[in-house]
Every structure is written in C-alpha cells, then in structure tokens.
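Hi,

Here is the structure I promised to pass on.

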Amino acid sequence: MLRLKPNQVIRRYTSQNGTEVIIRTPCISDLDDMLQFINDLVEEQAMILANKKMSRKDESKWLRGLLLKMKNGDIIQLSAEVDGHVVGTAEIKQKVLREEHVGILGISISKRYRNLGIGKVLIAELIRLSKKKGLKLITLEVFETNSRALHVYTSMGFVKRGVIPKHIRYKNRYVGSVQMSLEL
Ligand SMILES: CC(C)(COP(=O)(O)OP(=O)(O)OC[C@H]1O[C@@H](n2cnc3c(N)ncnc32)[C@H](O)[C@@H]1OP(=O)(O)O)[C@@H](O)C(=O)NCCC(=O)NCCS
C-alpha cells in the first residue's frame, strides 16, 4: 500500500520559465498558504466546484482531515511549491467498495503560475503514484467550457466519456460537466 508522509518531496525541477518547483505532499504548516490559495481561486471564480471562501478554522479542520486521509492511504495529495509557497494542489481520492480500484482526480494552479507546465507535471506524478498504489482507473469531471483543462487532460491521455448537461451552475448559467477517464 502507498502511504505518503507529510512534507514528503516527490520531485524537484525547473519549469519552462526557469522557476524552481518542488512537488511534495502537504503538511500542517501549509495552513495559511492553503487558505490563501483556495480563497484566491474562489475570488477569481475559477472553474472549480468551490464557490465559498473558507475561514481559517474550517480550512484547519479540512487540512487536518486531509492529512489523516493521506496517512491512511485514502488519498494521494500533492502540492506544487514555488519560493516557499503553495501555488498548486492536486489529488486522487480513492473510491470504496466495488469502485475501490478507481481514483477521482482534482487539480488547481494559482492564476500567476498557470501555463508553466506545473499542471501536467502534477498529473504525471499522480498517475505514477496511482499505478504504484494499484489503482486501475482515474476519473474526473470538468466544466465543458474549461478549454485549458480539457486540453491538459486530453494530452495526458484522458478520454472524454460523456457530458452531463446543466450539471454545474456557474456565473448565473448552467454548464455541462464533461466526464473523462484514464485506464492505468
Ligand atoms: C487547468 C489547470 C489545472 C492546468 O494547469 P496548468 O499548469 O495551467 O497547465 P500546463 O501549464 O501544464 O498546460 C497548459 C496547457 O494548456 C494550453 N492552454 C492554455 N490555455 C488554453 C486554452 N484557453 N485552451 C486550450 N488550451 C490552452 C497550453 O498551451 C498548454 O498546452 P501545451 O502544454 O500542449 O502547450 C490550471 O490552469 C488551473 O488550475 N486552472 C484553474 C482551475 C481549474 O480549471 N482546475 C481544473 C478543474 S477541472
């Protein structure tokens, strides 16, 4: 079984524009960074499901729960760190029972750090670790209007399996969600 420790460095590399990036697991001292990270995405109205800012108390509870799930092997959670700050997060949540072989992927990168290849590197590491964990399938959902995310997932090998019309409410409109999967 794959069990990751807090603040475990997975990979260090230099991105396309010379930025030093550390891919690592999260730790409790990431709290303020993680809070800023999610609240910036909510403020921006990024195409993610979260639409409410988090309080420090709620984020602390969430982060503690996350670290516990990581310790128990229920989730593969990675952060991208640049200059000592979290600029991206990505995870694979393992499903249960007859779907135990399936992981659900989620990912977000801070606005300033998009299009530097960090998303693709995080996904590549998640795929590698998911295989190591014995998962057989990764699924995800993405807004049908999120052309960058669709491009990234397709180029990482994910295949579009269908669209659920009006699945998401975004900026006072209904948007379809694209269902994608990757067999490992
Ligand atoms: C989607 C996201 C995770 C991708 O991560 P990223 O680090 O920006 O992606 P990368 O830099 O690895 O790759 C970006 C690719 O998209 C392409 N791209 C950029 N804008 C695009 C657009 N509007 N339409 C299509 N492709 C686009 C880039 O050219 C690049 O492709 P290439 O490597 O083939 O040249 C990130 O942009 C993000 O977090 N966005 C906001 C939140 C979000 O949408 N999360 C996903 C929810 S499902």
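To get you started: which residue in strand 8 does Leu140 stand opposite? The residue facing Leu140 there is Met180.

Before the rest, two bits of housekeeping. This is a predicted model, so to speak of local features I needed pLDDT of at least 70, and side-chain atom pairs count only at pLDDT 80 or more, while totals for chains, interfaces and linings use all residues. Residue numbers start from 1 along each chain as its sequence is written. Helices (H or I, at least four residues) and strands (E, at least two) are DSSP runs, numbered from the N terminus.

The strands make an open sheet of 8, in the order 1-2-3-4-5-6-8-7, with mixed pairing. Two strands count as paired if DSSP finds at least two bridges between them. At the edges sit strand 1 (9–14) and strand 7, each pairing on one side only. From one strand to the next, the twist averages 20°; angles here run from 0 to 180 degrees between N-to-C directions, and axes are lines fitted to C-alpha atoms, for helices over the stretch in contact.

Going through some of the pairs:

- Strand 4 (residues 85–94) runs antiparallel to strand 5, with 7 bridges; Thr89 has Ser108 in strand 5 as its bridge partner.
- Strand 5 and strand 6 are parallel and share 3 bridges, and Ile104 stands opposite Thr139 in strand 6.
- Strand 6 (residues 137–143) and strand 8 (residues 173–183) are antiparallel, joined by 7 bridges. Thr139 turns up again here, with Ser181 in strand 8 as its bridge partner.
- Strand 7 (residues 159–170) pairs with strand 8 in the antiparallel sense over 8 bridges, and Ile168 stands opposite Val175.

Strand 7 and strand 8 also form a hairpin with 2 residues between them, and Lys171 in that turn has a positive phi of about 50°.

**The helix pair**

Helix 1 (residues 31–44) and helix 2 (residues 56–71) have axes that come within 10 Å and cross at roughly 110°. That makes the two helices, helix 1 and helix 2, roughly perpendicular (65 to 115 degrees; under 35 is roughly parallel, over 145 roughly antiparallel and the rest oblique). Where they meet, helix 1 brings Leu31, Met34 and Leu35, and helix 2 brings Arg56, Glu59, Ser60 and Leu63; contact means that C-beta atoms, placed from the backbone, lie within 7 Å. By class, this contact of helix 1 with helix 2 has 4 nonpolar, 1 polar and 2 charged residues. The classes are: Ala, Val, Leu, Ile, Met, Phe, Trp, Tyr, Cys and Pro nonpolar, Asp, Glu, Lys and Arg charged, and the others, Gly among them, polar.

**Around the ligand**

The ligand is surrounded by 21 residues, the closest being Arg114, Gly119, Lys120, Ser147 and His151. Which helix gives the most to the shell? Helix 4 does, with 6 residues. Sorted by class, the shell has 10 nonpolar, 8 polar and 3 charged residues.

Happy browsing!

How values were computed. A residue is near a molecule or strand if its C-beta atom, placed from the backbone, lies within 6 Å of it. Two residues are in contact if their C-beta atoms, placed from the backbone, lie within 7 Å.
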